[in-house]
Amino acid sequence: MVATASTLAPGAVQALHSTVIGWYETHARDLPWRAPDASPWAVMVSEFMLQQTPVKRVLPAYAAWLERWPTPAALAADAPGEAVRMWGRLGYPRRALRLHGAAVAITERHGGEVPADHAELLALPGVGEYTAAAVASFAFRQRHAVLDTNVRRVFARAVTGVEYPANATTAAERRTARELLPAGDERAATWAVAVMELGALVCTARGPECGGCPLLADCAWQRAGRPPYQGPARRGQTYEGTDRQVRGKLLAVLREATGLVAQGQLDVVWPDAVQRARALDGLVADGLVEPVGPGTYRLPR
DNA sequence: GACGCGTGGGG
DNA sequence: TCCCCAAGCGT
């Protein structure tokens with residue numbers, strides 16, 4: 001590939017589509033949310049869970065979730081705290097709350113059917129640019145630029161010739177993604193999932209398997225000799241000793257309790273009372289924890 | 001645009 | 001071991 005997609009001849013772009021889609025047809029993982037009978041709701045559930053959580057850990061949680069709540073209305077009829085409890089240890093439990101909120105909105109505003117319209121998807125809690133495009137593309141087979149971390153990395157390497165994309169998505173990346181989109185809806189949807197899968201399985205962040213890459217001969221990064229990342233330091237995630245860690249410990253107690261939780265049960269999970277109180281306040285402010293009387297808490301109802 | 005937000009696994 | 005990463009979102 002070359003520096004910008006727009007400089008490619010139309011025939012070259014179509015060949016690129018065939019290359020990646022052909023690779024996908026023989027290498028794609030057999031994931032349940034890609035099954036032909038997966039509902040739009042199932043696709044949406046998978047997308048929420050996959051926001052920053054690896055596929056392997058999502059698989060069992062996804063199955064249990066849909067078993068319990070096979071429709072948006074089923075989830076909406078339950079308490080948000082039940083969603084938080086069911087979320088278990090997937091991480092970022094606000095996603096569970098937002099998924100519940102999305103189910104309520106779908107039930108109230110869309111007659112219980114996940115909307116196919118991109119703008120309506122985007123208006124749902126917890127649905128951002130990526131998730132709206134992913135659901136519209138994967139569940140409804142529409143033509144959208146689906147830009148996740150995998151796709152961004154594939155484009156950074158194959159198109160731009162750098163090892164990693166910038167920290168935040170740029171206008172140039174959106175333009176590239178749009179320009180490389182196949183013309184037809186169905187083919188665009190397959191292309192979207194195929195590029196993502198290539199990034200997940202071959203063009204990985206660490207230890208990419210370039211030898212098995214269908215784009216080896218077309219890759220700008222390969223052609224440049226696979227230069228290492230040069231840009232600004234990529235944002236690290238500190239965790240030990242942070243409020244996040246304390247929130248996680250507090251919420252774990254709430255999740256595992258069957259009913260009300262007394263202050264004393266929370267106090268034992270973290271020695272610093274000031275930080276502990278701040279973390280608990282944050283959980284309450286986020287709607288993840290509900291105070292019920294003095295020194296008593298529970299998951300929200 | 002930069003942060004804050006969980007949790008676990010692979011190199 | 002430690003560090004980095006994992007189909008992002010909301011503020």
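**Close-up views of a predicted protein–DNA model**

**View 1. Threonine 131 and the surroundings of DNA strand C.** In this predicted model, an N or O atom in the side chain of threonine 131 is 2.6 Å from a phosphate oxygen of DNA strand C, a polar contact being a pair of N or O atoms within 3.5 Å, where within protein one must be able to donate a hydrogen and the other to accept it, and residues adjacent in sequence count only if both atoms are side-chain atoms. The elements that give two or more residues to the surface near DNA strand C are α8 (129-138) and α9 (149-160); helices (H or I, at least four residues) are DSSP runs numbered from the N terminus. Base nitrogens of DNA strand C are also approached, one lying 2.8 Å from a polar side-chain atom of tryptophan 33 and one 3.4 Å from a polar side-chain atom of arginine 29. In total 28 residues surround DNA strand C, the closest being Gly126, Thr131, Asp148, Arg234 and Gln237, where a residue is near a strand if one of its heavy atoms lies within 4 Å of it. Of the atoms of DNA strand C that come within 4 Å of the protein, sugar and phosphate account for 64%.

Residues are numbered from 1 along each chain as its sequence is written, while chains are lettered from A and ligands numbered from 1 in the order in which they are written. Because the model is predicted, local features need pLDDT of at least 70 and side-chain atom pairs count only at pLDDT 80 or more, whereas totals for chains, interfaces and linings use all residues; side-chain values use heavy atoms, with hydrogens and water left out.

**View 2. Residues around DNA strand B.** The side chain of arginine 247 places an N or O atom 2.4 Å from a phosphate oxygen of DNA strand B, whereas a backbone N or O atom of leucine 90 lies 2.8 Å from a base nitrogen. A side-chain N or O atom of threonine 53 is 2.9 Å from a base nitrogen of DNA strand B.

View 3. Helix α5 (residues 80-87) is largely enclosed by the rest of the structure, because 6 of its 8 residues are buried, that is, under 20% relative accessible area, with exposed meaning over 50% and partly exposed in between (1.4 Å probe, protein chains only). The buried residues, Pro80, Gly81, Glu82, Ala83, Val84 and Trp87, pack against α2 (40-49), α3, α4 (72-76), α6 and α13. Just after α5, glycine 88 takes a positive phi of about 60°.

View 4. Histidine 17, in helix α1 (residues 10-27), counts as buried at 4% relative accessibility. Not counting residues up to four places away in sequence, histidine 17 touches Leu180, Leu181, Pro182, Arg187 and Trp191, contact meaning heavy atoms within 4.5 Å. Glutamate 173 lies in helix α10 (residues 171-179) and is buried, with a relative accessible area of 12%. A polar atom of the glutamate 173 side chain lies 3.0 Å from the backbone nitrogen of threonine 170.
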